[in-house]
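Please read this briefing with the sequence and the 3D view side by side. The points are grouped by topic.

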Amino acid sequence: MLVLRLLNVIAPAYFLCISLVTFVLQIFLFIPSMFRDPSTTPLFSPALLHGALFLFLSANALGNYVLVIQSSPEDLSKGLNLGEGAEVVADWLDGSRSPGSALPSTHFCRLCARVTQRHDHHCFFTGNCIGSRNMRNFIMFCLYTSLACLDSLVAGMAYISAALSMSFANPLAFLTLLPHSISQFFSGALLSSEMFVILMLYLWLGIGLACAGFCCHQMLLILRGQTRYQVRKGMVVRPRPWRENLQEVFGKRWLLGLLIPVLNVGSDYCRQKEK
């Protein structure tokens with residue numbers, strides 16, 4: 001449990017550090033290097049277009065990241081209308097009831113010390129459980145993080161291509177870039193700043209692919225009406241149309257949440273069903 005609590009602190013700090021480094025490289029290195037192209041007009045220069053795209057992706061990624069943390073799992077002992085939920089949570093906390101005897105579609109997380117409705121998993125990078133209240137924001141966070149990493153990867157490759165006078169037309173050029181760069185760095189032929197950017201290229205690629213894969217996996221589970229916790233425990237889920245499953249998570253105003261980070265509106269469908 002101590003290791004998990006440390007990971008719950010280290011992982012968010014790691015993500016914030018990577019975000020800060022990415023922002024600094026984009027604003028102070030990649031975008032200024034694009035202004036040096038004399039063949040483009042100032043109004044439609046790649047620097048301005050790329051800068052606007054990067055800020056849009058970053059604002060959505062960080063905005064949804066904050067909303068995932070802000071939309072904490074419900075504490076059943078403080079206002080959640082589930083009948084005997086308060087007594088159940090009290091039993092969990094004092095040890096008289098095992099966490100396995102949860103209410104339907106809920107799960108007690110010992111790290112958060114709270115109960116999550118439609119618990120999916122505990123995300124260490126946000127230090128929070130992912131459930132019905134923040135699932136939509138979590139998916140948007142994964143989506144825009146992967147897009148921001150892809151954007152930074154393309155900008156970084158353009159910078160390295162100009163700085164080292166090399167081409168990435170051959171797919172093997174990117175695969176052999178790291179070993180060649182390491183040998184040149186230790187021989188003194190490569191600057192430390194350029195080596196740092198090359199290392200970040202591979203880090204952006206790894207994070208972008210991981211977030212994209214996680215986002216696709218979560219969308220597949222939502223279409224099936226399942227959560228990762230239910231799949232892991234082998235729980236049987238009542239089949240429903242995939243449109244209802246999507247509407248339960250994303251709500252009717254899904255387009256608004258796709259363009260700007262807003263609070264989860266997926267509960268509107270649940271309220272209508274209860275009425």
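This is a predicted model: local features need pLDDT of at least 70, side-chain atom pairs count only at pLDDT 80 or more; totals for chains, interfaces and linings use all residues.

Which residue in S2 is the bridge partner of Thr 106? The partner is Gln 117.

- Strand S1 covers residues 106-109, and strand S2 covers residues 114-117.
- The two strands run antiparallel and are joined by 4 bridges.
- Together S1 and S2 make a hairpin, with 4 residues lying between them.
- Ala 113 sits in the turn of this hairpin and has a positive phi of about 55 degrees.
- In a regular strand, side chains alternate between the two faces of the sheet.
- On one side of S1 are Thr 106 and Phe 108, and on the other are His 107 and Cys 109.
- All four of these residues are buried, so both faces of S1 are covered.

**Cysteines**

- A disulfide is a covalent bond between the sulfur atoms of two cysteines.
- The structure holds 0 disulfides.
- For Cys 129, the closest cysteine sulfur belongs to Cys 109, at 3.4 Å. The cut-off for a disulfide is 2.5 Å, so this pair is too far apart for a bond.
- Cys 129 counts as buried because its relative accessibility is 0%, where buried means under 20%.
- For Cys 215, the closest cysteine sulfur is in Cys 216, at 5.7 Å, which is also too far for a bond.
- Cys 215 is buried as well, with a relative accessible area of 10%.

**Spans listed as transmembrane**

- An unreviewed UniProt entry lists residues 6-31, 43-67, 138-160 and 197-223 under "transmembrane region".

- The structure holds 1 salt bridge.
- This salt bridge links Arg 240 with Glu 248, and their closest N and O atoms are 2.3 Å apart.
- Arg 240 is partly exposed, with a relative accessible area of 24%.
- Glu 248, at 18% relative accessibility, counts as buried, because the limit for that class is under 20%.
- Trp 242 is found in helix H9, which spans residues 242-250.
- The relative accessible area of Trp 242 is 44%, so this residue is partly exposed.
- Trp 242 and Ile 222 are 20 residues apart along the chain, and their C-alpha atoms are separated by 7.9 Å.

**Nonpolar surface patch**

- Which element gives the most to the nonpolar patch? Helix H10 does, with 4 residues.
- Leu 255 is partly exposed, with a relative accessible area of 46%. A patch residue needs over 30% relative accessible area, so Leu 255 passes that cut-off.

Methods: Residues are numbered from 1 along each chain as its sequence is written. Side-chain values use heavy atoms; hydrogens and water are left out. Buried means under 20% relative accessible area, exposed over 50%, partly exposed in between (1.4 Å probe, protein chains only). Two strands pair if DSSP finds at least two bridges between them. A salt bridge is a side-chain nitrogen of Lys or Arg within 4 Å of a carboxyl oxygen of Asp or Glu. UniProt positions are given in the numbering used here, feature names are shortened, and annotations may be inferred rather than shown by experiment.
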